[in-house]
Amino acid sequence: MKNNPLKDLLILMKLLVSNTKTSRLQEEVDLLNDTISKEKKKSKNYLAKLAETDADLSTNRANETILRNKLADIELTKDSKSQEVASLRKDKNLLLDQVIDLQAKLDAKNSEVGTLHTEIEYLKSKVSDFSLRS
């Protein structure tokens, strides 16, 4: 086989171009691997933040449930107290009616006592007059 310098030069040039392309491709691969690594880190950060947000959401839902239960208890207590207040108002009105009735009876008795005092005084004066005449 004959050594052809042009052919050798052509092969050498192809090798150089191929090595250059390979170097460039390797640089691109390295750059893409670096980019992938950075994106993986970002993804892990996003997943960690998402897990934290999910935990916060679960906590908030649990707190919401607790608060709703407390509100329901307070509403039941409020309804019970409202009924109690209504009952106490009714009792107060009944007692007020009884006080008014008793006050009227007391006034009548006081008037009767006053009348009896007047009658006693009248009778005393009559007895006194009678005693003086006798």
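Tutor: In this predicted model, the accessible surface of the protein chain comes to about 12800 Å², and carbon and sulfur atoms account for 60% of that area. Buried residues make up 0% of the 134 residues. The chain has one helix and zero strands. Its radius of gyration is 56 Å, well over the 14 Å that the globule rule gives for 134 residues, so the chain is more spread out than a compact globule. Along the principal axes, the C-alpha atoms fill a box of roughly 190 × 20 × 15 Å.

One part of the surface is a nonpolar patch of about 700 Å², made by L6, L9, I11, L12, M13, L15 and L16. Among them, I11 is found in helix α1, which covers residues 5-133, and I11 is partly exposed, with a relative accessible area of 44%.

Turning to charge, the chain has 24 positive and 22 negative side chains. Side chains of opposite charge can pair when their charged atoms come close. The structure holds seven salt bridges, including one between K42 and E39, with 3.6 Å from N to O. K42 and E39 are three residues apart in helix α1, so about one helical turn separates them. Both partners are partly exposed, K42 at 43% and E39 at 42%.

K81 forms another salt bridge, with E84, at 3.7 Å between the closest N and O atoms. These two residues also lie three apart in helix α1. K81 is partly exposed at 46% relative accessibility, and E84 is partly exposed at 40%.

How values were computed. Residues numbered from 1 in each chain as written. Predicted model: local features only at pLDDT ≥ 70, side-chain atom pairs only at ≥ 80, totals over all residues. Heavy atoms only, no water. Helix = DSSP H or I, 4+ residues; strand = E, 2+ residues; numbered from the N terminus. Rg over C-alpha atoms; globule rule 2.2 N^0.38 Å. Buried < 20%, exposed > 50% of the residue type's maximum accessible area, 1.4 Å probe, protein only. Areas by Shrake-Rupley, 256 points an atom, 1.4 Å probe, with all protein chains shown as cover. Lys, Arg positive; Asp, Glu negative; His and termini not counted. Charge placed at Lys NZ, Arg CZ, Asp CG, Glu CD. Patch = residues over 30% accessible without salt bridge, like charges linked within 9 Å, V, L, I, M, F, W, Y side chains within 5 Å. Salt bridge = Lys/Arg side-chain N within 4 Å of Asp/Glu carboxyl O.
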